[in-house]
Amino acid sequence: IKNTNYLDYYQNLILLSEITKRINTKFQGVTKMIKIKLEISNDPDPEWNHRMISSGFGTIYQSQERASFLEYENVPSYFLKFLLPNGKIIAQLLVSERERFSNNNLKAKFFKNLPLIKQKSFEWSYGPIIFDSNYTSEVYNSLEKFLLSKNFKVNGWTHPLVSLQPNITKN
């Protein structure tokens, strides 16, 4: 009889373990279902630089002034904002769109005419600037979907002092 109780006890533990795994999986799925809205604009909102500077990881390469310089060079730039469903901005990124083969040298002329070669690229430096590290993966997933939809080559890197899971706090 005692062996039966131990057997029941271990079966209940296994069952409880299985239920816990399913609950954890379900909650992980719920947290990952947060849909990040991506707003793209040719012009920054009035708080762009303020948010950037307040983050502690903002640089000139993610500023309105950089976009003005790119405009002077006839390079299109876009201001990307990543928002939660409630409208809270959790990240931002300044990207520029460049022609990959704009030179007139032999190599550029050759690659310019190949149909399968991506002709344009999106470029950025030291971004995205993420204001809430709880949503880092969601921001990168949203950015990845956007970049894949454009079918551009990508040339971008994050701030050298930010890990992939930054812990950014406002003072």
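This is a predicted model: local features need pLDDT of at least 70, side-chain atom pairs count only at pLDDT 80 or more; totals for chains, interfaces and linings use all residues.
The chain contains five helices and six strands. In sequence order these elements follow the pattern α-β-α-α-β-β-α-β-β-α-β. Of the 171 residues in the chain, 32% are buried. The chain exposes about 12,000 Å², and 56% of that area is supplied by carbon and sulfur atoms. Contacts can also be sorted by how far apart the partners are in sequence. Among contacts between residues at least 6 apart, 66% join residues at least 24 apart.

The interior comes next. In soluble globular proteins, nonpolar side chains tend to be buried together. Here the largest nonpolar core has 17 residues, and those with the most contacts inside it are Leu-80, Phe-82, Ile-90, Leu-93 and Leu-143. The elements that give two or more residues to this core are S2, strand S3 (89-99), S4 and helix H5 (136-150). A second, separate core has five residues, among them Met-52, Leu-83, Ile-89 and Phe-131.

What does Phe-82 touch, leaving out residues up to four places away in sequence? The residues it touches include Ile-36, Lys-37 and Leu-38. Another run of partners goes from Lys-88 through Ile-89, Ile-90, Ala-91 and Gln-92 to Leu-93. Val-139, Ser-142 and Leu-143 are also touched by Phe-82.

Aromatic rings give a second way to see how parts of the chain meet. A pair of aromatic rings is described by the distance of the centres and the angle of the planes. The whole structure has four aromatic pairs. In one of them, the ring centres of Trp-48 and Phe-79 are 4.8 Å apart and the planes stand at 85 degrees, so the pair is edge-to-face. Trp-48 belongs to helix H2 (residues 48-55) and Phe-79 to strand S2 (residues 77-83), so this pair ties together parts that are 31 residues apart in sequence. Trp-48 is buried, with a relative accessible area of 0%. Phe-79 also counts as buried, at 3% relative accessibility.

Tyr-61 and Tyr-126 form another edge-to-face pair, with 5.6 Å from centre to centre and 65 degrees between the planes. This pair links distant parts of the chain, 65 residues apart: Tyr-61 is in the loop between H2 and helix H3 (64-72), while Tyr-126 is in the loop between strand S4 (120-125) and strand S5 (129-130). Tyr-61 counts as partly exposed at 37% relative accessibility, and Tyr-126 counts as partly exposed at 24%. Elsewhere, Tyr-78, Phe-122 and Phe-146 form one aromatic cluster.

Thr-158 lies in the segment after strand S6 (153-157). Setting aside residues up to four places away in sequence, Thr-158 touches Tyr-126, Gly-127 and Tyr-140. Thr-158 and Gly-127 are 31 residues apart in sequence, yet their C-alpha atoms are 4.7 Å apart in space. Thr-158 counts as partly exposed, at 29% relative accessibility.

The last topic is charge. Side chains of opposite charge can pair when their charged atoms come close. How many salt bridges does the structure hold? There are five salt bridges. One joins the side chains of Glu-39 and Lys-81, at 3.6 Å from N to O. Glu-39 lies in strand S1 (residues 37-41) and Lys-81 in strand S2, so the pair ties together parts that are 42 residues apart in sequence. Is Glu-39 buried or partly exposed? Glu-39 is partly exposed, with a relative accessible area of 29%, whereas Lys-81 counts as buried at 15%.

Lys-81 has a further partner. The side chains of Lys-81 and Asp-45 meet in a salt bridge, 3.2 Å from N to O. This pair links distant parts of the chain, 36 residues apart, with Lys-81 in strand S2 and Asp-45 in the loop between S1 and H2. Both Lys-81 and Asp-45 are buried. Salt bridges that share partners join Lys-37, Glu-39, Asp-45, Arg-51 and Lys-81 into one network. Asp-45 has a relative accessible area of 16%, and Arg-51 is buried at 14%.

Technical notes:
Residues are numbered from 1 along each chain as its sequence is written. Side-chain values use heavy atoms; hydrogens and water are left out. Helices (H or I, at least four residues) and strands (E, at least two) are DSSP runs, numbered from the N terminus. Buried means under 20% relative accessible area, exposed over 50%, partly exposed in between (1.4 Å probe, protein chains only). Contact means heavy atoms within 4.5 Å. Accessible areas come from the Shrake-Rupley method with a 1.4 Å probe; for residues, only the protein chains shown count as cover. Rings of Phe, Tyr and Trp (its six-membered ring) pair if their centres lie within 6.5 Å; planes under 30 degrees apart count as stacked, over 60 as edge-to-face and the rest as tilted. A nonpolar core is a set of buried Ala, Val, Leu, Ile, Met, Phe, Trp, Tyr and Cys residues joined through side-chain atoms within 4.5 Å. A salt bridge is a side-chain nitrogen of Lys or Arg within 4 Å of a carboxyl oxygen of Asp or Glu.
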